[in-house]
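Okay, thanks for coming, everyone. Let me put today's structure up on the screen and then walk you through it.

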Amino acid sequence: MKYTDEFRDAARVKQLADDLRGIIQHPWVIMEICGGQTHSFMHYGIDQLLPPEIELVHGPGCPVCVTPLEMIDKAIALASDSGFILTSYGDMLRVPGSNQDLFSVRASGGAVKVVYSPLDAVQLARDNPDKQVVFFAIGFETTTPANAMSIIQAESLGIKNFSLLVSQVRVPPAMEAILSSPANRVQGFLAAGHVCAVMGFWEYLPIAEKYQIPMAVTGFEPVDLLKGLNDLVTMLEQKKVGVINSYPRAVTLEGNMAAQASINRVFQPSDRAWRGIGTIPMSGFSLRPEYVHFDAEKRFDLGHIKTRESEVCIAGQVLQGVMKPPQCPGFGTLCTPENPLGAPMVSAEGACSAYYRYKKMTS
Ligand code: SF4
């Protein structure tokens, strides 16, 4: 398939891996921010091709994993109310809440609908004027433009029974939180190409300067991953600071200006809690005051939410790259994809599910 096969070409992959072995001279700790890249590394076996000097640590870029337990419990509370239809992407349904997940709410009669776009949820609101339709708006900058468009469309159509349960997060403040932590070991970042396709990489330049590290904007296919690593390791070996765009077929410095304009029209940066990590200043988006009537948390009394985290799950440390999934006492025994204790074992972008699926490891 054009635009795919050439980036999975075995000869190119082998050449890039050979090149990398020729470039590297020192041990380096490198974080791939995005859970999609974690899965790509393991799915294609690229991690097996890397020289031993590279230690990959896996970052917090799994939107399902970082959605706070409190927000999942709020979604469950809404879905359990007969006056509501809770809409969500499918991968949120099996994420454990304090007592149950959205799947089990649906099994016991709750109105939980899987949608492929927030615009489908807007349509659902038009079709069900007697219900309040709430879309569970999670994710990074990649999902934010479509969520903004749902608000713009709902407003232009005069739809009053639609709202968002917002848990939108931003990558740059999370990078800063990792780099400023006393436990940080990361010496260079592979920045997520799809986020940068939307936002550009201009926000990353001052972070690279401030923390004196290199970053490579990287795609998701095997050739993309190795190209990003080669560029990043070259910068590390040459003691260069800054951001290199290793994914120019999709990313520009400025990013998608129309998408950013729709985000800025509807959302504004705000403090956000990250599951297992805590609150990171200005690390999320919230609806602007003029759109507060679309904010489910502000519109509806969700009662007192008392959360209860698993005592076994170390997802917060996995998401910050401090520990790896097999170091979790529950990995592969108490916690499996069939019986997950934490979101990283459920999500298609979770590091725990990547180790379980591709490395066939147990603790
Ligand atoms: S293996 Fe399961 S319990 Fe352990 S950190 Fe991952 S999700 Fe949490």
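Let's start with a pair of helices: at roughly what angle do the axes of helix H9 and helix H11 cross? The answer is roughly 10°, with the axes of H9 (residues 171-180) and H11 (residues 204-211) coming within 10 Å. That makes H9 roughly parallel to H11, since angles under 35 degrees count as roughly parallel, over 145 as roughly antiparallel, 65 to 115 as roughly perpendicular, and the rest as oblique. Axes here are lines fitted to C-alpha atoms, for helices over the stretch in contact, and angles run from 0 to 180 degrees between N-to-C directions. Helices (H or I, at least four residues) and strands (E, at least two) are DSSP runs, numbered from the N terminus.

Before I go on, some housekeeping. This is a predicted model, where local features need pLDDT of at least 70, side-chain atom pairs count only at pLDDT 80 or more, and totals for chains, interfaces and linings use all residues. Residues are numbered from 1 along each chain as its sequence is written.

Back to our helices. On the H9 side you'll find Pro172, Met175, Glu176 and Leu179, and they meet Tyr204, Ile207 and Tyr211 of H11; a contact means C-beta atoms, placed from the backbone, within 7 Å. By class, the contact of H9 with H11 has 6 nonpolar, no polar and 1 charged residues. For the classes, Ala, Val, Leu, Ile, Met, Phe, Trp, Tyr, Cys and Pro count as nonpolar, Asp, Glu, Lys and Arg as charged, and the others, Gly among them, as polar.

E10 and strand E11 (residues 278-287) run antiparallel and are joined by 7 bridges, and Pro269 has Phe285 in E11 as its bridge partner.

What order do the strands take in the open sheet of 5 strands? Reading across, you get E2-E1-E7-E8-E9, and the pairing is parallel. Neighbouring strands are turned by 25° against each other on average, direction ignored. Strand E1 (residues 28-34) pairs with E2 over 6 bridges, in the parallel sense, and Met31 has Val57 in E2 as its bridge partner. Helix H12 (residues 222-237) packs on the sheet and touches E1, strand E7 (188-192), strand E8 (214-218) and E9, at about 165° to the direction of E8.

On to the domains. The protein chain is divided into domain 1 (1-316) and domain 2 (317-359), with bounds from an automatic or database domain assignment. Their centres, taken over C-alpha atoms, are separated by 17 Å. Domain 1 puts 32 residues into the contact and domain 2 puts in 25 residues. On the domain 1 side, the elements giving two or more residues are helix H2 (35-43), strand E2 (54-61), helix H4 (63-66) and helix H15 (315-319). H2 gives the most, with 6 residues.

H2 also packs with helix H16 (residues 351-359), at about 10° with axes 9 Å apart, and the two are therefore roughly parallel.

Last stop, the ligand. Of the 16 residues around the ligand, Cys313, Cys328, Cys335, Gly342 and Cys352 come nearest; being near means a C-beta atom, placed from the backbone, within 6 Å. That shell has 14 nonpolar, 2 polar and no charged residues, and each of the two domains supplies at least three residues.

Conventions. Two residues are in contact if their C-beta atoms, placed from the backbone, lie within 7 Å. Two strands pair if DSSP finds at least two bridges between them.
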